[in-house]
Number of protein chains: 2
Amino acid sequence: MINIAVMGYGTVGSGVVEVIDTNGERIAQRIGDALNVKYVLDIRDFPEDPIQEKVIHDFETIISDDEIQIVVEVMGGIEPAYTFVKRSLLAGKCVVTSNKALVAKHGAELLSIAKEKNINFLFEASVGGGIPIIRPLNSSLTADEIEEITGILNGTTNYMLTKMFYEGADYASVLKEAQDNGYAERNPEADVEGYDACRKIAILSSLISGQQVDFEDIYCEGITQITVEDMRYAKAMGTTIKLLASSKTHAGRLGAMVAPCMLYPDHPLYNVNGVFNAIFVHGNVLGDAMFYGSGAGKLPTASAVVSDVVEAAKNLNRNVMTMWKEEKLRLEDKSSMKRRFFIRMKGNVEEKIEDIRYSFGDVEIVKVDGLDGEFGFVTPIMMEGDYDTRAKSYEDQILHMIRIED
Amino acid sequence: MINIAVMGYGTVGSGVVEVIDTNGERIAQRIGDALNVKYVLDIRDFPEDPIQEKVIHDFETIISDDEIQIVVEVMGGIEPAYTFVKRSLLAGKCVVTSNKALVAKHGAELLSIAKEKNINFLFEASVGGGIPIIRPLNSSLTADEIEEITGILNGTTNYMLTKMFYEGADYASVLKEAQDNGYAERNPEADVEGYDACRKIAILSSLISGQQVDFEDIYCEGITQITVEDMRYAKAMGTTIKLLASSKTHAGRLGAMVAPCMLYPDHPLYNVNGVFNAIFVHGNVLGDAMFYGSGAGKLPTASAVVSDVVEAAKNLNRNVMTMWKEEKLRLEDKSSMKRRFFIRMKGNVEEKIEDIRYSFGDVEIVKVDGLDGEFGFVTPIMMEGDYDTRAKSYEDQILHMIRIED
């Protein structure tokens with residue numbers, strides 16, 4: 001029997017217990033041994049729940065119990081999660097976590113302790129919820145140089161953008177609706193400002209580069225400025241708008257960014273709608289691949305956590321994860337990243353076109369019926385820095401700029 | 001250094017050598033040791049190719065060389081591949097293959113030899129080309145009961161159906177075009193009759209059930225009967241037609257089938273176009289997931305083969321694959337599988353509607369402008385057997401039946 005401790009009995013923690021209850025027999029077949037949840041650590045009691053008999057309030061019970069071989073950290077936040085996880089690993093216990101903040105900040109150190117101890121620190125659920133992506137990167141896409149990972153990594157914002165696109169609703173009303181039905185938090189900042197997606201792309205960037213990528217170094221723009229008018233332009237152009245978190249390597253330099261982008265229908269991420277997440281990967285020999293599924297939710301996330309528990313149980317004394325070094329990766333400067341830009345500008349296109357062509361080159365004009373006093377245009381491929389230079393001269397005329405993902 | 005032998009220097013075999021040449025450094029980092037292609041077995045010589053110095057014509061060279069730890073079988077066909085693979089495994093050499101015919105027929109036996117010898121028999125490239133699916137099933141989706149796998153598993157037919165749908169072309173002309181540009185063989189039977197997809201879903205069904213699923217037991221219908229008119233109905237209904245290979249578990253019984261099906265836009269496989277493949281998976285706790293990518297092609301397939309070589313190299317004396325027993329699984333009888341059916345019928349809907357409602361229940365009529373003398377209808381959910389019973393009475397009136405995948 002393999003004894004585990006679950007730290008945190010919130011949504012994901014109770015899901016983990018439920019998944020092990022529901023599929024315990026099949027899971028035991030796969031491990032070749034039964035899984036037993038010996039402790040559940042929480043500051044609360046759950047008198048109405050049969051879990052209560054396993055509830056403990058003191059982490060010392062876990063760390064001092066030699067029977068506990070795997071610790072599941074689903075508390076969230078940096079502290080006390082970090083201290084508990086580090087102490088568990090140092091005590092020779094495998095750790096599985098769904099905590100993206102913890103992994104983004106301390107992943108390199110925790111992986112290196114696990115390697116030293118010849119055990120595992122696993123975090124499949126920290127990115128993409130139930131979508132298998134960390135393990136495929138670690139053990140399936142191993143023949144390739146991964147040149148790009150671009151993901152829709154936040155279900156809340158994807159739900160909101162989908163509603164705005166298909167129903168023409170405005171940002172404020174879809175946010176309220178998302179909050180009312182539980183898809184968005186009362187304080188939605190982490191989602192709508194892109195911070196959640198940013199931590200996840202930092203983790204993926206660290207994994208593919210093998211070095212520490214700090215999320216603070218990644219340019220991050222949320223969806224709060226996306227308007228009904230933007231969506232009308234998107235439709236007129238045959239595109240949709242998605243919050244993309246991406247990491248691309250050009251000439252050996254990795255550039256990462258989180259921003260709302262226009263996507264054309266031939267992009268595999270174009271049709272990822274509602275609360276679903278998806279991760280597009282381009283390998284130098286594999287070509288394009290995509291992984292799609294539930295990016296959040298109690299059971300999908302718990303499924304990913306428990307799959308890590310199975311992996312840890314099958315490799316109790318054998319380190320299997322790719323490392324990333326604590327040494328920080330110098331990211332490509334945002335200003336040298338290249339792409340096309342869509343710009344909405346005040347005024348009359350006939351009066352301004354010559355001037356715009358002088359500044360931006362051979363642009364493509366977009367007009368939307370009923371949107372008077374403004375027009376849109378798409379620039380040729382140019383560097384972010386060159387865009388910024390030009391945008392300055394039109395500061396009071398640019399209504400909005402949205403990047404295009406080709 | 002890890003020495004490998006590549007058996008077969010055709011498209012995939014030369015791709016394997018190319019991938020190892022191109023990404024050798026990164027691959028060596030991941031393994032912690034360098035990979036060396038020591039032999040290439042082929043009946044031909046390649047005097048213009050630097051590979052020539054490694055070409056051998058006798059399998060005995062491989063089997064008798066203790067330095068060869070991993071054998072890559074990319075010859076295709078059952079013999080001599082089966083004999084070579086079995087002898088390699090019995091000699092304690094790991095085997096990696098892309099050979100779906102071999103895996104579908106002898107997978108259970110070869111896996112069991114590998115397990116006995118504590119080595120590995122790996123076959124990621126046998127299903128879905130470059131799409132990681134075998135290893136994710138083996139080591140990522142391990143917390144779930146997999147209740148459904150439905151895939152677009154053949155690129156040739158998907159390319160043809162995509163052309164027919166978007167361009168209104170007929171079967172014969174898209175087949176000719178696919179043959180002219182190398183997407184389809186001169187003898188296209190294995191693709192267009194669904195046999196290729198059938199072997200692949202047999203492998204996936206064996207893996208998720210843990211028992212032998214013979215492809216001969218799976219009902220298999222190809223795309224040769226799909227017409228321009230069928231596509232017009234599909235468009236009118238807001239659906240598309242895809243060749244689906246699927247395996248679904250109801251009440252503990254697994255039913256498998258290969259057939260062209262109508263799909264609605266909310267299905268994750270709806271937008272999988274051209275030569276791309278994708279595999280939809282439903283787990284009882286994970287919910288829906290999908291894996292998308294290049295289902296064939298030299299480098300994507302070679303990428304999957306080499307990722308197996310990396311896995312084998314990291315686990316030289318340690319069996320990591322899920323087993324499936326040689327004991328045959330009794331599949332659910334086709335006649336008890338349930339779904340909706342779309343039927344094209346000769347004649348006048350007004351005259352026949354009462355009669356059809358009497359036989360099929362509350363059907364939904366579909367009319368396409370310009371298709372006179374016929375009409376279509378969609379049945380309620382019913383068993384295949386019950387459909388067959390009813391279809392008999394209308395034998396001379398039914399123009400075509402296409403299944404609906406809801």
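**Figure 1. Lys235(B) sits over the ring of Phe165(B).** In this predicted model, Lys235(B) lies over the face of Phe165(B), at 4.8 Å from the ring centre. An arginine takes up a position of this kind in chain A: Arg199(A) lies over the face of Phe215(A), and the distance to the ring centre there is 3.9 Å.

**Figure 2. Thr162(B) is a buried residue of helix 6 in chain B.** Helix 6 of chain B covers residues 155-167, and Thr162(B) is found in it. The relative accessible area of Thr162(B) is 12%, under the 20% limit, so the residue counts as buried. A polar atom of the Thr162(B) side chain lies 3.0 Å from the backbone nitrogen of Gly274(B). Apart from neighbours within four places in sequence, Thr162(B) is in contact with Glu167(B), Lys242(B), Asn273(B) and Gly274(B).

**Figure 3. Asp214(B) makes a polar contact with Lys328(B).** Asp214(B) belongs to the loop between strand 8 (211-212) and strand 9 (219-220) of chain B. Its side chain makes a polar contact of 3.2 Å with the side chain of Lys328(B). Asp214(B) and Leu331(B) are 117 residues apart in sequence, but their C-alpha atoms are 9.4 Å apart in space.

**Figure 4. Helix 1 of chain A has a kink centred on Gly24(A).** The helix runs over residues 11-31, which makes 21 residues. A straight helix would reach 30 Å at 1.5 Å a residue, yet the end C-alpha atoms of helix 1 are only 25 Å apart. The kink at Gly24(A) is about 80°. Among the buried residues of helix 1 are Val12(A), Val16(A), Ile20(A), Asn23(A), Ile27(A) and Ile31(A). In an α-helix, residues three or four places apart point the same way, because there are 3.6 residues a turn. The buried residues of helix 1 pack against strand 1 (2-7), strand 2 (35-41) and helix 11 (298-314) of chain A. Just after the helix, Gly32(A) takes a positive phi of about 85°.

Figure 5. Ser307(A) is buried, with a relative accessible area of 2%.

**Figure 6. Aromatic rings pair in chain A.** Over all chains, the count of aromatic pairs is 27. One of them joins Tyr159(A) and Tyr183(A), an edge-to-face pair with 4.6 Å from centre to centre and 65° between the planes. Tyr159(A) is in helix 6 (residues 155-167) and Tyr183(A) in the loop between helix 7 (171-180) and helix 8 (189-192), so the pair ties together parts of chain A that are 24 residues apart in sequence. Tyr159(A) counts as buried at 10% relative accessibility, whereas Tyr183(A) counts as partly exposed at 38%. Phe276(A) and Tyr292(A) form a stacked pair, with 5.0 Å from centre to centre and 10° between the planes. This pair links strand 12 (residues 276-283), which holds Phe276(A), with strand 13 (residues 287-294), which holds Tyr292(A); the two residues are 16 residues apart. Phe276(A) is partly exposed, with a relative accessible area of 24%, and Tyr292(A) is buried, with a relative accessible area of 10%. Ring pairs also link Phe341(A), Phe360(A), Phe375(A), Phe377(A), Tyr387(A) and Tyr394(A) into a cluster.

Notes: Residues numbered from 1 in each chain as written. Chains lettered and ligands numbered in written order. Predicted model: local features only at pLDDT ≥ 70, side-chain atom pairs only at ≥ 80, totals over all residues. Heavy atoms only, no water. Helix = DSSP H or I, 4+ residues; strand = E, 2+ residues; numbered from the N terminus. Expected span 1.5 Å × (residues − 1). Bend = angle between axes of the 7 residues up to and from the residue. Buried < 20%, exposed > 50% of the residue type's maximum accessible area, 1.4 Å probe, protein only. Contact = heavy atoms within 4.5 Å. Polar contact = N/O pair within 3.5 Å; in protein donor to acceptor, adjacent residues only side chain to side chain. Phe/Tyr/Trp six-rings, centres within 6.5 Å; stacked < 30°, edge-to-face > 60°. Lys NZ or Arg CZ within 6 Å of the ring centre and 35° of its normal.
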